[in-house]
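Welcome, and please load the model in your viewer. We will go through it one selection at a time.

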Amino acid sequence: MEDLTHVTLFTLGVALLSTLLILPPGVALGWLLARRRWPGKVVVETLVALPLVIPPVATGLVLLKLFGRRGPLGVLVQNVFGVEIIFTWKAVVIATAVMSFPLLVRSARVAFEEVPQRLEGVARTLGAGPWRVFFSISLPLAKRGLLAGSVLAFARALGEFGATVMIAGMIPGETITLALGIYHEVQLGNDSAALGLLGVSVALAFGAVALSEWLLRRKSP
Amino acid sequence: MKLLLQGVRLNAGIFSLQIDAELGGRVTGLFGVSGSGKSTLVEIIAGLRRPDAGVVKLGEDVLTDVARGVHRPPEARGVGFVPQDGALFPHLSVDGNLRFAERRGNAANKVFSRENVCKLLGIEVLLARRPATLSGGERQRVAIARALVSAPKLLLLDEPLAALDAERKAAILPYLQRVRDEFGVPVLYVSHVPQEMLALCDDMAVLADGRLLHHGPVEEVFRRPASPAVARIVGVETVVPVRVLGGEGELVAVSVGKTRLTGLGDQLPAGTADVLVSIRAEDVLLVNPGSAAGVSARNRLSCTVTALFTEGATVRVELDCGFALTALLTRQAVAELQLAPGREVMALVKAPSVHLIARG
Amino acid sequence: MKSIRLFLFVSFVVFGAAVTSAAEVTVFAAASLSDAFKEIAPLYTKATGDTLRFNFGASGALARQIKEGAPADVIFSADELRVDQLDKAGLLLAGTRRTLLANTLVIVVAADDGAPVKTLDDLTKVEVKRIAIGEPATVPVGTYTKEYLQKTGHWKKLIDKLVPLDSVRAALAAVESGNAEVGFVYKTDALISKEVRIALEVPRAEGPKITYPVAVLKDAKQPEAAKALAEFLSGPDAQKVFAKFGFLPPY
């Protein structure tokens, strides 16, 4: 059975990497959805919400078709970076990133919507351009909500299974996360090993959600 | 510096704005009740809202020209904007808020330096504090200071005293007067309180339902509203400059030419310059001469009727009491007293109705 | 009047009972048998009037489901091991077990410009990045693959390239989609896919003994019909179909 420490560290590492990857686009998209209107905005909102709503394995299937050796993105990545995605740890990162992206965007949007637009307007009249207003006013004032959203996305990444098993498979030592490990051990009939992994998963999830709640409830600066 | 608003139009649902005006002077008042379009106009001038049509020009700078596709972004307009609640940045200290507004080119002009602005607005002691810990009046002063630090070419104050009680309003007024006198920045002052207009503004524009109804020197607008509509909005007032004679207990005595008036207000030392008195037309009672003994009103003035203007159910009676006084009476009363130009009457005005306004 | 109604009612019941004497047999069968059964099922219904209801899957998963009480009449597994487990657990109907088919292990590559593999050693080449196999612990084809690679001394050399998957069809799909260059599947699976070709066939004498046993379960709801099915499957009509799909007769 997979070394418990190794699997835990791998899961944490992958979740952390995927969260860091989705932060810039997630925050940017959250801000755009909060502040701007454009034709076709609802299409973007729907696309972003899809991974939350359709079964994770369905998302996994879409990713498999996209990133497979013959898929459009798979070919692109192969030609530009010389790298393969399916059945590697990179697939785990992509699957968790895609599945936790909607949570981050949602939280970011709410966080920015709570920043009074009046403050941003006044900042502009004081001579600050749009970028300066974003970094000096909007971002600091939305910080708590953004942080809570990141932790939530991280927690989701920790527990991701359906999409991951589709594009990364369960390759011991390479793509086995805590969630995949539980499934794997159950298939093999190793209940005690599965329960060990379960315990660690629950503990990590507890910690992440508790942290997210605490961040949201702290008094504002 | 002149602010030109030409053909500015904005249709926003049930509200539409249409303005053609040229505003100048040191402090121009923008008078109107809520919903009249004041805040929208101010936002358009600041560049936070785009009108559907029109031109906004500040001096020689074209800030907005919809037809030519010109819209200077707010940060490049040089228009300082102080909204009603101050809008201080809660995550920065007072000092942080001021530094945010500082521009690199400011070093040349000492007037707008942080030190100078802080001194003139009396906020040096507040620098380390967070906005949430400030009182309403302090917040307003910091907000105004912050706008000044950005060295604006025009200062927009949107109802700065609205959220304050009378005592605090009176406390801030001197600071606003200081801003007017010491910074040389033209100010557009938005409010719906006549006393504030009289205390601070040189000229004022009256806004109602998104339209500009009257624009002129402040005393003119109150004394002789251009139309019944304007009169309904600003109220008819008699406004005269007076000379302060001195205090009498809780009362203050002033004179206009040979006529003496007693009013209620802050104690002003004799000889104070630049003081106005305003009397609402509804507060003036008229009686036949000789019937005025034994009444409570401190002011009993001998007048001659100069003109009568009927407006619906009321009549505006213009009188000469040594100064121009306006009274508002019902038609029935006018008929009963047989008022006509040339008639002699006594005007009775209670001391509390004689409002003293120090412009200094 | 009343007696006529009673007569009609009784005759309907008796007639209805006679008509519904056709049984529905529930068959838990290995995934690699699904294509062959598509042809066999209508043949069987025509011959006996009974209908077949299928649950196809990896033999390990099927065995586990039966152990947990799933309602199967017949188990048709891709290896003896699972049926041994069920026998030890006392879940089989005595005397109904027999071996029906055999299969061979093959190595497949993509049909068009697949990896250049002619021998087992070619698998260590750098062009072969990933090898799709069944999960050795739970999927029979995986168990056979591991057995064979260990016997030939290649297991340790290739272990880093192995991608264990849930079923033989998953391994086939991985090679079809190009996500794995090489896959270990049954010959019968290789033959039904146009997108792969057989690069190497493990000779029957050298390779693992891949046999497909069938057995009726003790708790079967249709034991008679189930026994009849087992008979039919070893008969000439069924065996012809199996042969068409590449299955071999038992050793």
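A residue is called buried here if 20 or more other C-beta atoms lie within 10 Å of its own, with C-beta atoms placed from the backbone. Keep in mind as we go that this is a predicted model.

**Stop one: chain B**

Select chain B and colour it by burial: of its 360 residues, 42% are buried. Now switch to a cartoon view, where you can look for nine helices and 21 strands in chain B. Its radius of gyration is 23 Å, close to the 21 Å that the globule rule gives for 360 residues, so chain B is as compact as a globular protein of that length. If you draw a box along the principal axes, the C-alpha atoms of chain B fill roughly 70 × 50 × 30 Å.

**Stop two: where chain A meets chain B**

Next, show chains A and B together. Their contact involves 15 residues of chain A and 17 residues of chain B. On the chain A side, highlight α6 (117-125) and α7 (130-159), each of which supplies at least two residues. Which of the elements gives the most to this side of chain A? That is α6(A), with six residues. Colour this side of chain A by class and you will find eight nonpolar, five polar and two charged residues.

**Stop three: where chain C meets chain A**

Finally, bring in chain C alongside chain A. Here nine residues of chain C and 10 residues of chain A take part in the contact. The chain C side has four nonpolar, four polar and one charged residues.

How values were computed. Residues are numbered from 1 along each chain as its sequence is written. Chains are lettered from A and ligands numbered from 1 in the order in which they are written. This is a predicted model: local features need pLDDT of at least 70, side-chain atom pairs count only at pLDDT 80 or more; totals for chains, interfaces and linings use all residues. Helices (H or I, at least four residues) and strands (E, at least two) are DSSP runs, numbered from the N terminus. The radius of gyration is taken over C-alpha atoms; the globule rule is 2.2 Å times the number of residues to the power 0.38. A residue is buried if 20 or more other C-beta atoms lie within 10 Å of its own, exposed if 12 or fewer, and partly exposed in between; C-beta atoms are placed from the backbone. Two residues are in contact if their C-beta atoms, placed from the backbone, lie within 7 Å. Ala, Val, Leu, Ile, Met, Phe, Trp, Tyr, Cys and Pro count as nonpolar, Asp, Glu, Lys and Arg as charged, and the others, Gly among them, as polar.
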